[in-house]
Amino acid sequence: MTAREPTLEDAYIHLIATTGDDEARSARAASVQ
Amino acid sequence: MTMTEPRPAVPTTLHADTDGHAIEAIDLVRTYRTHTGVLRRRRLDVPAVRGISFHVRPGELFGLLGPNGAGKTTTIKMLITLLLPTSGSASVMGHDVVKETTEVRRRIGYVFGGDRGLYDRVSALDNLRYFAELYGVDPAVQKTRIGALIEMVGLTGREKEKVEGFSRGMRQRLHIARGLLHDPEVVFLDEPSIGLDPVGARELRQTVQSLVDAGKTVLLTTHYMFEADALCDRIAVINAGRIVALGTGADLKGAIANRTIVEIETFGVTEEALARLRGDADVSALNVEERDQSQILLVQSDRGTQITQRLLSCSATRESAR
């Protein structure tokens, strides 16, 4: 086990994990007509 | 990043629209319409881009990052006039991408990753001559420009060989030369390093850097964070059709600067253990990378190494500390 400073990849993973997905899924479901 | 010796620059000057932007997108939206079902067909509107706004300065290398399906390529396709926006507006070098498509196309080059876009059975030189004709490059400047571009992308001495014998990295650099034949002011690079080995990817990064050195404005999409961090002046992260962060690499890293990343190498970690970790109040994010026989857990936490014992007990299967 190692501990280290955050990299851009860590920042990216955090952003992708904390934004978008649920909202996108609900928007897609709501668009079915 | 270290650079090789300066290569001959393709002459160009920095221009911009009246606001000083080489590229400007304002609230761009694109929705794809499709259908689902066979007997009971239903219309399905799939939002690919949902209100994206950003600008790129002249001479800037701007990165677009995001997972597959986030809307990066759709955004680029709207900017290069291949797709009409559903709503919103965009301009390149001051020209509207919907109303002034010809003016925009004269000023842009588009380079995409993959094997398409070149003729395998003719030489690199003949490929460039052919595309120079298609782009309407003045015959008087064709020879000099093609020579300069071959030099710039590091294919000097190989230009008379057939493309079918080229490595993927060489093809990709030839793609870039092709995209620059008409001396565009703005270059769009859509995942140019996809599928390249580390050496090829490094050579390609040097080529991309030389574009900026030559005064081009570059918009780059990539999945390689190291590449984006090394090259880009500013980066926008797109997720689910929206920009979720925009700034320099340092800005983006600064957003989680108070965090520690704990890497745990495990063997055969279970979904239950991962669920326990994700449910831990002190775990801000968790990502799993498969590496040979092991799984590397990347745990982000504001509590630093204070929670390592708890992490180890949560992920307990047959972990190996390193």
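**View 1. Thr266(B) pairs with Gln295(B) across two strands.** In this predicted model, Gln295(B) in strand 13 of chain B is the bridge partner of Thr266(B). The strands involved are strand 11 of chain B and strand 13 (residues 294–301) of chain B, joined by seven bridges. They run antiparallel.

View 2. Strand 1 (residues 2–4) of chain A is held to strand 11 of chain B by three bridges. These two strands run antiparallel. Here Thr2(A) stands opposite Glu263(B).

View 3. Within chain A, confidence is highest in helix 1 (residues 8–18), at 85.

View 4. The average pLDDT of chain A is 67, and 55% of the residues score at least 70. Confidence in chain A is lowest in helix 2 (residues 21–30) of chain A, with a mean of 48. Over residues 25–33 of chain A, the pLDDT is below 50. That stretch has nine contacts in the model beyond near neighbours in sequence.

**View 5. The two chains meet.** Chain B gives 39 residues to the contact, and chain A gives 26 residues. Several elements of chain B each supply at least two residues to the side that touches chain A, including helix 7 (225–231), strand 9 (234–239), strand 10 (242–247) and helix 8 (249–254). Also among them are strand 11 (260–266), strand 12 (285–291) and helix 10 (308–314) of chain B. Strand 2 of chain B gives the most to this side, with six residues. By class, the side of chain B that touches chain A has 21 nonpolar, nine polar and nine charged residues.

**View 6. A second open sheet is described in chain B.** This sheet has four strands in the order 2-1-4-5, with antiparallel pairing. The edge strands are strand 2 (42–56) and strand 5 (95–96) of chain B, and each pairs on one side only. Strand 1 (residues 23–36) of chain B pairs with strand 2 of chain B over 12 bridges, in the antiparallel sense. Glu24(B) stands opposite His55(B) in strand 2 of chain B. Helix 1 (residues 72–79) of chain B lies across strand 1, strand 2 and strand 4 (87–92) of chain B. This helix runs at about 115 degrees to strand 1 of chain B.

**View 7. Helix 3 of chain B packs on helix 4 of chain B.** Helix 3 (residues 124–135) and helix 4 (residues 139–152) of chain B pack at an angle of about 130 degrees, with axes 11 Å apart. This angle makes helix 3 of chain B oblique to helix 4 of chain B. Their crossing is right-handed. From helix 3 of chain B, Leu125(B), Leu128(B), Arg129(B) and Ala132(B) meet Gln142(B), Ile146(B) and Leu149(B) of helix 4 of chain B. The contact residues divide into five nonpolar, one polar and one charged.

**View 8. Helix 3 of chain B also crosses helix 5 of chain B.** The axes of helix 3 and helix 5 (residues 168–179) of chain B come within 10 Å and cross at roughly 25 degrees. The two helices are therefore roughly parallel to each other. The crossing is right-handed. Ala124(B), Asn127(B), Leu128(B) and Phe131(B) of helix 3 of chain B make the contact with Leu174(B), Ala177(B) and Arg178(B) of helix 5 of chain B. By class, this contact has five nonpolar, one polar and one charged residues.

**View 9. Helix 5 of chain B packs on helix 6 of chain B.** Helix 5 and helix 6 (residues 198–213) of chain B pack at about 15 degrees, with their axes 9 Å apart. That angle makes helix 5 of chain B roughly parallel to helix 6 of chain B. The crossing is right-handed. Helix 5 of chain B contributes Arg168(B), Gly169(B), Gln172(B), Arg173(B) and Ile176(B). Helix 6 of chain B contributes Gly200(B), Glu203(B), Leu204(B) and Thr207(B). The residues of this contact divide into two nonpolar, four polar and three charged.

Terms used
Residues numbered from 1 in each chain as written. Chains lettered and ligands numbered in written order. Predicted model: local features only at pLDDT ≥ 70, side-chain atom pairs only at ≥ 80, totals over all residues. Axes fitted to C-alpha atoms, helices over the stretch in contact; angles between N-to-C directions. Parallel < 35°, antiparallel > 145°, perpendicular 65-115°, else oblique. Left-handed = near helix turned anticlockwise from the far one by under 90°. Contact = placed C-beta atoms within 7 Å. Nonpolar A, V, L, I, M, F, W, Y, C, P; charged D, E, K, R; others polar. pLDDT = per-residue confidence, 0-100. Pairing = 2+ DSSP bridges.
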